[in-house]
Amino acid sequence: MENFEKSFTQQEPVPEIGIERAIEIMRGGRLHRYNVNQGETSEVVTLENQFANYLGVDYCLACASGGYAMVTALRAFGLQAGESVLTNALTLSPVPGAIHAAGGKTILVETTDQLVLDLDDLERKLGDTSSRLVLISHMRGHIVDMDALLAILDRHGASLIEDCAHTMGAAWAGRSSGTFGVAACFSTQTYKHINSGEGGFLTTNDSGLMARAVILSGSYMFYDQHTAGPAPHVYTDIRLDTPNCSGRMDNLRAAILLPQLSCLGDRVSRWNERYHAVASELDGVDGLKMPLRPPEEQFVGSSIQFLVPGISTSQANVLLVTCKKRGVELKWFGAAEPRGYTSHYSSWRYLGTQTLPQTDQVLHSLFDMRIPLTFSIDDCHLVGRIIRESFNVSLSS
Ligand SMILES: *Cc1c(COP(=O)(O)O)cnc(C)c1O
């Protein structure tokens with residue numbers, strides 16, 4: 001029996017040129033984004049401009065994490081204390097955490113078996129709560145029908161913030177993920193599409209929102225150095241009215257992200273080749289459902305998900321254990337205790353009890369696996385075969 005030997009947590013190294021630049025910055029001692037000589041541009045500012053350019057938006061702020069970008073987006077939007085924000089029930093803990101930190105009240109929206117926001121439930125809850133704001137999480141890279149979503153938001157006069165932690169480099173019908181709402185948030189945490197250990201971006205075309213975000217992020221009175229931000233006059237009142245809640249990115253992180261941004265397009269193709277290699281081994285397996293990927297969804301296959309409707313807890317455990325013995329690390333969202341990076345909304349007890357029967361069913365049947373770029377295409381076929389064979393073992397258990 002073939003086993004798999006590679007690590008599911010092994011990312012690719014930082015490009016040499018980024019390492020060299022980071023060392024140069026350390027030798028120079030100017031690590032802070034505002035610690036520049038007259039006339040110099042800091043590494044963080046260069047990165048912000050390149051990311052804004054890449055996405056095709058006016059403004060970008062680099063910050064300490066994706067979660068920080070979300071809190072800042074919510075605050076800069078003007079979220080009021082106790083105001084409700086609608087978001088996916090299927091997401092990662094930093095999302096409800098950001099809403100909480102910004103003083104909002106999280107209202108969870110059901111998930112479909114295609115792993116996207118249930119638009120009927122969204123519309124119902126927009127009506128019931130008259131929320132002004134939806135924070136959508138493109139969880140694991142699954143993108144909801146964005147045209148339908150925008151039409152609903154339009155009918156209710158609600159605004160959109162996108163959590164693009166899993167969709168950097170993705171698009172819906174040719175339009176980049178992160179350009180559909182008033183603002184978008186990205187993460188550069190180790191397992192995302194570009195890796196600085198920790199980090200994030202907030203992007204927008206709204207000058208007032210960005211000016212508030214820049215001051216919030218801890219820019220002291222150096223806002224004029226933000227060339228990927230609005231013109232200095234936009235800050236006239238905002239700089240005095242907005243608190244400083246430090247969460248800046250530093251030059252070392254920016255230095256190692258810059259060359260990764262340049263090769264993001266290449267990474268996206270390599271991820272998708274790997275995704276399709278795993279998927280080809282799982283397609284057509286009886287009882288195992290791959291979410292449909294609509295033609296408009298130009299996703300990044302940095303992870304893969306499948307559902308086994310009706311799987312029992314003991315069968316799910318057999319599947320996990322059999323895979324694990326053969327070197328394949330699957331995650332199951334149906335486990336009673338959330339572990340590692342899996343999450344179940346019921347473990348965010350601070351939100352209060354919310355009842356989402358459809359999401360419960362989806363989570364119970366949902367398996368998830370990360371696809372590191374350090375896996376070859378052959379590796380991905382092997383991993384897919386191991387999952388398929390382990391699945392058959394679990395069914396007969
Ligand atoms: C990683 C992630 C974030 C942001 O996480 P940080 O660790 O704060 O950078 C947000 N949403 C989702 C769905 C994520 O996976």
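The points below take the ligand site and then the helix pairs.

1. The model is predicted: local features need pLDDT of at least 70, side-chain atom pairs count only at pLDDT 80 or more, and totals for chains, interfaces and linings use all residues. Residues are numbered from 1 along each chain as its sequence is written, and side-chain values use heavy atoms, with hydrogens and water left out.

2. There are 16 residues around the ligand, and those that come nearest are Gly 67, Asp 163, His 166, Ser 187 and Lys 192.

3. Polar contacts (pairs of N or O atoms within 3.5 Å) include one between a ligand nitrogen and a side-chain N or O atom of Asp 163, at 2.7 Å. Ligand oxygen atoms lie 2.8 Å from a polar backbone atom of Gly 66 and 2.6 Å from a polar side-chain atom of His 166. The ligand taken alone exposes 380 Å², of which the protein buries 91%; the areas come from the Shrake-Rupley method with a 1.4 Å probe.

4. Helices H3 (66–77) and H4 (94–101) each supply at least two residues of the shell; H3 gives the most, with 3 residues. Helices here are DSSP runs (H or I, at least four residues), numbered from the N terminus.

5. H3 also packs with helix H7 (residues 207–216): their axes come within 9 Å and cross at roughly 125 degrees. Axes are lines fitted to C-alpha atoms over the stretch in contact, and angles run from 0 to 180 degrees between N-to-C directions. The crossing is right-handed, that is, the near helix is turned clockwise from the far one by less than a right angle.

6. Helix H10 (residues 264–282) and helix H13 (residues 377–395) pack at about 30 degrees, with axes 8 Å apart. H10 and H13 are therefore roughly parallel, the term for angles under 35 degrees.

Key:
Near = heavy atom within 4 Å. Polar contact = N/O pair within 3.5 Å; in protein donor to acceptor, adjacent residues only side chain to side chain. Parallel < 35°, antiparallel > 145°, perpendicular 65-115°, else oblique.
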